[in-house]
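User: Hi! Could you walk me through this model when you have a minute? I'd like the overall picture and then some side-chain detail.

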Amino acid sequence: MLWTAFLWGFLGSFHCIGMCGPIALALAGKDRNKYLLNKLLYNSGRALTYSLLGGVVGLLGFSLALAGIQQWLSILMGAVIIGMAFFYRKSENWVSGSWLAAGMIRLKSKLGSSIKRGGPKAFFISGILNGFLPCGMVYMALLASLAMQGPVSGMVYMLFFGLGTIPVMVLLMLSKNIFSFGFRLKMNRLLPYFALFIGVLFVIRGMGWGIPFLSPALGFPDTEVTEMLDGNITHCD
């Protein structure tokens, strides 16, 4: 499923140009002597945030899988992703208008201060902060990482998602006019259909039909824990 994370990040970055584009352009013009380094630091910070969020969400998924609902978790997350496919923009407004709104205001204030400071450290911190900004595509990717049912797999999934956003952001830093409005509009129209495709994949994955790489038979989420439990049961017997 990692290829879906990378492609999701790539397509989703066209949607995120509206919010993250001005930030990327502001950072790009700070120091021409360290142009490439600045871009790498900023995007590395975003990828790090996405990875950490994926790890936390994946840990939650692992806990739910331990409760014996791993199969239903994948099916449920797939169904939720399908439902959110046409409402990912509204999910951003839900966060901005919820009890998290005050936190988002402080986050944007810190992000603005970091951009004004400049320097390698500020570029990296700006990327980290940017990763927490409301984004419907990130939310759906996190749902997918929850369905991965493990902290490491969730972290890796979101890392690939973050890596998928880098090409478009880097190209935008090189030239703000590189993507026409019409092209961005066409790419954005693909997002709901791709989200539907991902949701269906996770539903099929959760069915556990024993199809390699598509719907493998689901077992216990962690082999080491399984062996440990089996050893304890044998000992008790």
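User: Great. What should I know before reading any numbers?

Analyst: This is a predicted model, so local features need pLDDT of at least 70 and side-chain atom pairs count only at pLDDT 80 or more, while totals for chains, interfaces and linings use all residues. Residues are numbered from 1 along each chain as its sequence is written, and side-chain values use heavy atoms, with hydrogens and water left out.

User: How many helices and strands does the chain have?

Analyst: The chain has nine helices and zero strands. Helices here are DSSP runs of H or I with at least four residues, strands are E runs of at least two, and both are numbered from the N terminus.

User: And how much of the chain is buried?

Analyst: Of its 237 residues, 44% count as buried. Buried means under 20% relative accessible area, exposed means over 50%, and partly exposed is in between (1.4 Å probe, protein chains only). The chain exposes about 12200 Å², with 70% of that supplied by carbon and sulfur atoms; the areas come from the Shrake-Rupley method with a 1.4 Å probe, and for residues only the protein chains shown count as cover.

User: What about contacts between residues at least 6 apart in sequence?

Analyst: Of those contacts, 82% join residues at least 24 apart. A contact means heavy atoms within 4.5 Å.

User: Switching to rings. How many aromatic pairs are there?

Analyst: The count is six aromatic pairs. Rings of Phe, Tyr and Trp (its six-membered ring) pair if their centres lie within 6.5 Å; planes under 30 degrees apart are stacked, over 60 edge-to-face, and the rest tilted. In one of the pairs, Trp3 and Phe197 have ring centres 6.2 Å apart and planes at 50°, so that pair is tilted. Trp3 lies in helix α1 (residues 2-28) and Phe197 in helix α8 (residues 181-207), so the pair ties together parts 194 residues apart in sequence.

User: Is Phe197 buried or partly exposed?

Analyst: Phe197 is partly exposed, at 38% relative accessibility. Together with Trp3, Trp8 and Phe194, Phe197 forms one aromatic cluster.

User: Which residues make the nonpolar surface patch of about 290 Å²?

Analyst: Trp3, Leu7 and Phe197 make that patch. Like charges are joined within 9 Å, and nonpolar side chains (Val, Leu, Ile, Met, Phe, Trp, Tyr) within 5 Å. Leu7 is in helix α1 and is partly exposed at 31% relative accessibility.

User: Back to helix α6. How do its span and burial look?

Analyst: Eleven of the twelve residues are buried, among them Met137, Leu142 and Leu146. After α6 comes Gln149, whose phi is positive, near 60°.

User: Last one: where is Lys108?

Analyst: Lys108 is in helix α4 (residues 101-117) and is partly exposed, with a relative accessible area of 45%. The C-alpha atoms of Lys108 and Phe132 are separated by 9.6 Å, and the two residues are 24 residues apart along the chain.

Note on methods: Patch = residues over 30% accessible without salt bridge, like charges linked within 9 Å, V, L, I, M, F, W, Y side chains within 5 Å. Salt bridge = Lys/Arg side-chain N within 4 Å of Asp/Glu carboxyl O.
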